[in-house]
Amino acid sequence: MKILKTAIVTLVAGLFLSCQVEVQNDFQMLRGAYMGQTPPGDEPEVFAPGIVSNGMNNRDVAIMPDGREMYFSVGFGNNTYSAVVFSKYENGKWSDLEVAPFSTDSKYTYYEPFISADGSKIFFVTNQSIDEDTTRTDSNIWMAKRKGDQWEKPQPLSSNINTENGEYFPSITKDGVLYYTGVDTEKRVNIILRSKWENGKFADPEILPDHVNIGRSRYNATISPDESYLIIPVFGAEDSYGGTDYYISFRDENDNWSDPVNMGPKINSADAHEWSAYVTSDEKYIFFMSARTDKIAKPQKLTYSYLKEIFPKPQNGNADIYWMKADFIKSLNKE
């Protein structure tokens with residue numbers, strides 16, 4: 001019996017080590033921009049399958065301006081665990097994924113990172129208490145400044161931004177204008193707000209016009225670097241493909257917003273989990289979250305071994321990160 005137990009332990013340890021080596025080798029082989037992934041075309045593709053899109057709930061891409069650091073959110077267990085993770089491109093290869101230093105306290109959830117256009121600040125959302133004298137557990141927007149190649153200790157944004165109702169998904173223009181999600185306390189729905197950077201601080205926010213805050217609820221809007229368009233995840237719109245779809249509204253030089261239009265069936269699907277988008281600083285690619293499962297061939301008869309096989313893979317029903325060329329956005333403006 002002792003020999004059998006020893007053999008089993010050795011086998012399990014060997015399998016664990018082989019998995020570690022396989023993951024490590026995956027990162028050792030990653031070279032070049034975007035974790036060495038082949039750039040997509042006009043059709044969406046899963047980003048870095050098995051590496052970034054790895055079977056957990058993955059979302060919220062943020063990339064440093066030089067492209068040498070990539071951040072995203074991972075979570076599971078109904079957000080029992082939710083953290084911002086990252087990888088750096090150093091010495092000709094991408095590093096193994098690590099939890100960001102501001103995201104390591106397991107008592108709280110961390111997600112929705114956004115990096116400023118100059119790379120000097122990172123914004124994110126957490127339910128960490130905003131000061132030592134409060135027990136508030138609502139989600140708020142925090143920010144950390146860059147010093148050298150590290151992030152300094154983060155701080156919550158000012159109280160005119162962070163209220164007791166919860167704030168989410170910061171998105172910043174090149175000029176420092178903050179877009180984010182708040183709560184309409186009367187209607188009890190999410191709304192999109194904007195706060196301009198004035199005199200060294202964020203001004204009191206304004207709610208975007210009613211025709212931009214469409215549908216039954218809307219949230220997690222992504223502003224373009226030049227503030228010319230806003231990508232809005234909308235729940236309950238009449239022409240939706242599913243529960244939540246990505247819509248887009250264009251802004252002119254006089255601060256007028258167009259009626260949001262559905263971004264189409266390539267980026268939207270029948271899946272209800274489509275609420276986090278990111279456009280690269282050169283506006284060449286769009287990353288977005290979706291939990292579509294249409295590419296998995298289901299067996300006629302389920303087996304436990306099959307369930308174990310698909311669990312650590314993308315498109316298993318948890319959210320994955322997709323990417324595609326972003327030039328189709330201009331054609332939506334013409335429409």
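Strand 3 gives the largest share of the lining of the second largest pocket, four residues. The model is a predicted one. The volume of this pocket is about 480 Å³. Of the 26 residues that line the pocket, Arg59, Asn79, Tyr111, Glu112 and Trp275 are the closest to its centre. Two or more lining residues come from each of strand 2 (57-63), strand 3 (69-76), strand 7 (110-115) and strand 13 (178-184). By type, the lining divides into 11 nonpolar, 13 polar and two charged residues. Space of this kind is found by calculation: rolling a probe the size of a water molecule over the atoms shows where empty space is left.

In general, the strands of a sheet pair through backbone hydrogen bonds, either parallel or antiparallel. Here, strand 1 is joined to strand 25 (residues 320-325) by two bridges, and the two strands run antiparallel. Opposite Val46 stands Tyr322 in strand 25. Tyr322 also has a charged neighbour: the charged end of Arg292 sits over the Tyr322 ring, 5.0 Å from the ring centre.

The structure holds 19 aromatic pairs.

Trp323 has another aromatic partner in Phe287. That pair is stacked, at 5.3 Å centre to centre and with 25 degrees between the planes. It too links distant parts of the chain: Phe287 is in strand 24 (residues 285-290) and Trp323 in strand 25, 36 residues apart. Phe287 is buried, as is Trp323. Which residues make up the aromatic cluster that includes Trp323? The cluster is formed by Tyr34, Phe47, Tyr278, Tyr285, Phe287 and Trp323.

A further contact between a charge and a ring involves Arg146 and Trp151. The charged end of Arg146 sits over the ring of Trp151, 4.6 Å from the ring centre.

Technical notes:
Residues numbered from 1 in each chain as written. Predicted model: local features only at pLDDT ≥ 70, side-chain atom pairs only at ≥ 80, totals over all residues. Heavy atoms only, no water. Pairing = 2+ DSSP bridges. 1 Å grid on protein atoms, 1.4 Å probe; cavity = no way out; pocket = protein on both sides within 12 Å on 5 of 7 lines; lining within 4 Å. Points joined across faces, edges and corners; volume = space filled by probe spheres on them. Nonpolar A, V, L, I, M, F, W, Y, C, P; charged D, E, K, R; others polar. Phe/Tyr/Trp six-rings, centres within 6.5 Å; stacked < 30°, edge-to-face > 60°. Buried < 20%, exposed > 50% of the residue type's maximum accessible area, 1.4 Å probe, protein only. Lys NZ or Arg CZ within 6 Å of the ring centre and 35° of its normal.
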